[in-house]
Amino acid sequence: MKVYANRLGETLKKGLHPIYIVSGDEPLLVQEASDLITLNLRKNGFSERELFHVESGFDWNSVLYSVNSLSLFAEQKIIEVRMSTTKPGDKGSETLIELVRHLGGDTALLLVLPKLEAATQRAKWFKSIEAAGVFVQIWPIDTPELPAWLDSRFKKAGLKASRESIRIMAGRIEGNLLAAVQEIERLKLISTNGQVEISDIATGVADSARFDVFKLIDAALVGD
């Protein structure tokens, strides 16, 4: 089942699933979605967590062993698998398909991986695990959407920022959401009345904008 990241909280409230997949290239949003899933599982008794980082030469049998072994400390556990690529290889594909038959009840899988291309989503291994769980595909926050995203983040932090303050900040942190969150937390610490002024942004927020090659070309063409 595919769900949008902004609807993940609602989905989690409706019940547990044996598999959760989080995919995307925006580290902050991927981590926040993963943390939300983990928190929900912990609230439902999954008190143990085993983490696996899949790199070249990874032994997929270790994941199967963990799923099939009884825990000495908890009745329910989370198996978190973080993949550096979207290609698990033959052994990884076989293992992920096999996991579908073993998960549920006392074990849940959280699979975190980079942005999935359409071809990968059609692969047998992925279709098998998606059918048994929840797939959260994380999309980057584009430039037009950034002011609204920043506004919601300020409100979440208990701050109120003017439209011009948000516009200036959007220009300084474009493409770098982690820097945006760090700056908002800093502003929260120094704010005395919960109001963020233009001067606070202009003098205190570092220029942390980050562009890919295509956005760099666009910026150059408009003389930015």
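**Close-up views of a predicted model**

**View 1. Packing of helices α7 and α9.** Helix α7 (residues 146–156) packs against helix α9 (residues 177–190) at an angle of about 35°, and their axes are 10 Å apart. Axes are lines fitted to C-alpha atoms, for helices over the stretch in contact, and angles run from 0 to 180 degrees between N-to-C directions. Helices (H or I, at least four residues) and strands (E, at least two) are DSSP runs numbered from the N terminus. The model is predicted: local features need pLDDT of at least 70 and side-chain atom pairs count only at pLDDT 80 or more, while totals for chains, interfaces and linings use all residues. Residues are numbered from 1 along each chain as its sequence is written, and side-chain values use heavy atoms, with hydrogens and water left out.

**View 2. Residues between α7 and α9.** The crossing of α7 past α9 is right-handed (the near helix is turned clockwise from the far one by less than a right angle). Leu-146, Trp-149, Leu-150, Arg-153 and Phe-154 of α7 make the contact with Leu-177, Ala-180, Val-181, Ile-184 and Leu-187 of α9 (contact: heavy atoms within 4.5 Å). Of these residues, 9 are nonpolar, none is polar and 1 is charged.

View 3. Six strands form an open sheet in the order β1-β6-β2-β5-β4-β3, with parallel pairing (two strands pair if DSSP finds at least two bridges between them). β1 (2–3) and β3 (48–54) each have a single partner strand, so one side of each is left without a neighbour in the sheet. β3 pairs with β4 (residues 77–83) in the parallel sense over 7 bridges, and Glu-48 stands opposite Lys-77 in β4. Helix α2 (residues 27–43) lies across β2 (19–23), β3, β4 and β5 (107–113), at about 165° to β2.

**View 4. The nonpolar cores.** The largest nonpolar core has 39 residues, and Val-22, Ile-37, Trp-149, Leu-150 and Phe-154 have the most contacts inside it. Such a core is a set of buried Ala, Val, Leu, Ile, Met, Phe, Trp, Tyr and Cys residues joined through side-chain atoms within 4.5 Å. Elements giving two or more residues to this core include β2, α2, α7 and α9. A second, separate core of 22 residues includes Ile-21, Ile-79, Leu-109 and Leu-113.

View 5. Ser-34 is in helix α2 and is buried, with a relative accessible area of 1% (buried: under 20% relative accessible area, 1.4 Å probe, protein chains only). Leaving out residues up to four places away in sequence, Ser-34 touches Val-22, Arg-82, Leu-110 and Val-112.

Note on methods:
Ala, Val, Leu, Ile, Met, Phe, Trp, Tyr, Cys and Pro count as nonpolar, Asp, Glu, Lys and Arg as charged, and the others, Gly among them, as polar. Buried means under 20% relative accessible area, exposed over 50%, partly exposed in between (1.4 Å probe, protein chains only).
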